[in-house]
Structures are given as structure tokens and as C-alpha cells.
Amino acid sequence: MTMEKTVGEVLVDLLEANGVEVVFGIPGVHTVELYRGLAASKIRHVTPRHEQGAGFMADGYARVSGKPGVALVITGPGLTNTITAMAQARQDSIPMLVISGVNRRDSLGHGRGLLHELPDQHGMMKTLALYSHTLLNPDDLPFVVDRAFSVLVSGRPGPVHIEIPTDVMAAKIAPQAARPATATRPRSDSETLQRAAILCADASRPVIICGGGALTAEAEVKELAEKIGAPVVTTVNARGMLAGNPLRVPASPSLKAVRSLLKEADLVLALGTEMGQTDYDMYADGGFPALRNLIRTDIDAAQLARGPHAALSILSGAKAATAGILAFLPGHTAKDGVGRAETARRAAQKELTPKMRAEIAIIDTLYRTLPDCTVVGDSTQAVYAGNLYCDAPRQRSWFNSATGYGSLGYAPPAAVGAAVADPSRPVVCLVGDGGFQFSLAEIGSAVDAGAKVIFLVWNNDGYQEIESYMVDAGVTPEGVKPSAPDFLMAAKAYGVEGQRLTSIADLAQALAVAAGRKGPSLIEIHERRTVGLSA
């Protein structure tokens, strides 16, 4: 006779079957039963200081590992605290599973004033999540989890949500043979791929644009680019693709130099990119050019229906589409794209302001000193500069929240998630003094997790990005000078070693020392007081 288990215990079994190794969450009375089988499992639990941090940790974990990040939160405030992180994941196409509680089934929709009650929690979540389900029938759990992971691994990634009523969590059900969800990614027909190959072969000035959806296709993109002689422009979430390759253009399509490259192209192949404003029109000047002969490949049919008009749309994952195009290009002789790529790189760098170039030089120092590091950024000025131009040494080594949804306070918890995903590499959390205060307590999470995170605080005495914007708009700055704590003392309170740089020349040594520690460290640089920082 098969022994029954609780819904919480079976949930843990199903997560393990789908390859989940880490869960980020804060337990509460409303989720205790979901933790019943967790301690005995192989799944590691990491506790943030805020549920928003749980979501951002899951995001950072997913970006580095390539697997869905999982957050476990209580009903009501736990879930609403996580919504900002889910929105960032939705905008940046990051796979995230959020499992929450919800009040008992007989209370839903009645407004009885129960603790953590929302008028319609599921109704709220289904407007944001790719898939949201309330588990009313305990026996449906395996089917619901299977569908959630199928959504995560099949189409355009994003957040999915499962909510389990408190009276369902402890219900006993018969465990079933747990197996991973099946991925069913769309693939284009050979006729469409052959048409794309003909367009590529006929082009004399082709260009390839790669977004975050093209990360798994790096080898195929490299081969195709070299075959047809195409410079490869990488958006923020694709930075580091083709690192060191002479065809790479690690610069934003918001720059005039990159726009000129694209405008002069007689073929543009866009792979796995939303072609959204934060990458293609950062300054909202409407100057992105109309593209001749655009081939657009995306895993999401809805995306292909939006954005610039395409001469050819391919509904497919980037890897399958690029491999399919290559199959129709045997022996093709490439035109020279190396010169065009080099011209675009030089022009893009020249276009940047002296201040931006100084900030990018600091980012280059990070990679030069710690070549295997991952830089996780917040919405801060240095990160904006890096998003315009950052020659990252490998893919998944540069990502931040200054694109897509643009949330503040993202970097500290996301950096912890990144370090948990790959403990072999140091993680540099590049965060401003304003944004850091959104999630300052996550220093403690890094300590608890033993995460090798170097919190690099870029202190410019407030929200300088916003202050500059207000000044440029002729608005008297107001509300942009929040007082900051002594960050070194805050770090010390958590037992974390810190250093305030008097000269930027000391940065490399400070990074090397910090990377030699087992756990987190903090380095503070000041835009006006650290000698040599400003251009």
C-alpha cells in the first residue's frame, strides 16, 4: 500500500524532479506546511530579508544558472512584496516560479477580514504571471506543477505562480512517480528557414542583433556571423556573446554609431530580442531607424506581431532557427564584416561622454582584475554607462535592472542569487548609494549564504541620475538627496569587511583582496571624493 504524503511533501518531490536545487523564501504561519518535506530534501533554502529579495535572488540565480529560479512566499504581503521582482522577470524574460500561500478555500472571495487577505489574490496575479493557478483540488498538484514548468521551459520565459490554500497544504494525497516537465519549443518550417538563408547569402552588408533569447545559440551565431560576414550587436542581456571575436559590437542600439551600422545594412537578422525601448531607444528620442530587410526570430508569436515591420518572421527558438539557416548555407563565402564591426565599436566609444568613458573604465577594471567575475548591476549611473558599452568577457557575466522594468534595489539580492548559482566565481554587485538602501539588509543574506559577493557601492550622494534629469528638464531638484548610512559600518554590523577607496588606483588591489575572502565584502567609491574616479 502506497503511503500518502501531504501536499507540501509532494510539492518538494515535484520540485526535485524538475531539477530545483535552491529555493529562496521566508517561511510564515501560512506556508509552514509547504516546508514539511524541505529539510529532508536535497533542496537548499536561502532566506532573504524581504520577499522582494526572494524574487530578485531567484532572478539572479536563473540568469547565471539558466534554470528557473524559485521563490516561496506567504499569502498577502509576502506575495505583493514579490510582485516587483516578478515584473522585472517578466520584462527581461527570466524564468521564475513563485509559490505562495493563500487563505483557506471557504474564505476566498468573501472578504471576512482574515489575516493577509486580498480581495482576489489570483485575479491580481494572473495579470502579471504567464500562468497562475489556485490549487483547489489537492490531487491536481502534479498536473499544476507540470504545467508551470512546461510554461517556464517551452516558450518565452517569465514568472509563473502557484498559490496553495492553507487548508490544502496539509491534505494527504497519493504520491505519483515524479518526472520533469517536457519542453515543447516552436520550430520553424524548412521553407521559411531556406528563405532566410537565401536572404543572408544575398546580403552584402548584413548585421545580426542578439538579445537575451539568443544566449543558448552562441556557437551557431558565431558560425553564421563568420559565414556571412555580419557584425553582431548585443543588447544588454546578451552582452558577452562572441567575447573577443572581431565581429562583436558590444554597444547599445540606442547609440548613433550602432544605429548607423543598422541603417546601412541591407539585411538585419534579429535573434531573441524584444526590440524594446530600454535597449533600442534608451533616450526616447525616436531615432531608431527603419530597418531594410529585417528577419526577426522569436519564440513568442505575440512578440513577432509587435515592434518594427519584418520582411520575414520566424517563430522559433534562436538556437534552432540559426542552426536551420546554417544548414542551407554550406560553403558560403563570407563578405568582410570585421571592418564594419571595428568601425562601429570605435564610433560608439567616441560617442560616449568623458564621464561615461570613465565609468566604463571602472567596469573594465573589474573584469581585468577578476576575469571570471559576474557583474550584477542596479539602476545606477555607472550601470547605465555600461549598458551603452560593455565588452563583457563571456555571456551571463553582465546583467542588471537598468533595462526592462528598471527597478531599484535589485542588485544586492540578485547578486546573492548569482553567487548561489555559481559559487566558483566572485560576483560584483554594482549598486548606487540610493538603490542600495532599498535592500541594504540583504548583506545579511549574503553572510548567511556564504555568498562571495563584493558589494561595490557607487556613492554619488543620492539619486544623481534623477537629479541630472530634473536639472536638464528645468525642474528644481527635490527629493533626490536621501541621507545614506556609513556603508562600512553597516557592513561591519553584519561582520563583513569593508574598504572606502581614497584613490581609484587602489580598486584593483581591493578587488583582489575581497575576492580572496570566503564570504561577502564591501568596497565604497565616491564619485567626487575618490581621486581619479571622474574624468
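**Charge, fold and an open parallel sheet**

The protein carries 50 positive and 54 negative side chains, and the centres of the two sets lie 4 Å apart. Lys and Arg count as positive and Asp and Glu as negative, with His and the chain ends not counted; each charge is placed at NZ of Lys, CZ of Arg, CG of Asp or CD of Glu. The model is a predicted one, in which local features need pLDDT of at least 70 and side-chain atom pairs count only at pLDDT 80 or more, while totals for chains, interfaces and linings use all residues. Residues are numbered from 1 along each chain as its sequence is written, and side-chain values use heavy atoms, leaving out hydrogens and water.

The secondary structure comprises 21 helices and 20 strands, which are DSSP runs numbered from the N terminus (helices H or I, at least four residues; strands E, at least two). The radius of gyration is 24 Å, close to the 24 Å that the globule rule gives for 535 residues, so the protein is as compact as a globular protein of that length. This radius is taken over C-alpha atoms, and the rule is 2.2 Å times the number of residues to the power 0.38. Along its principal axes, the C-alpha trace spans about 70 × 60 × 45 Å.

Six strands form an open sheet with parallel pairing, in the order 11-10-9-12-13-14. Strand 11 (248-249) and strand 14 (312-315) stand at the edges with a single partner strand each, so one side of each is left without a neighbour in the sheet. Strands pair if DSSP finds at least two bridges between them. Strand 10 (residues 232-234) pairs with strand 11 in the parallel sense over two bridges; R248 in strand 11 is the bridge partner of V232.
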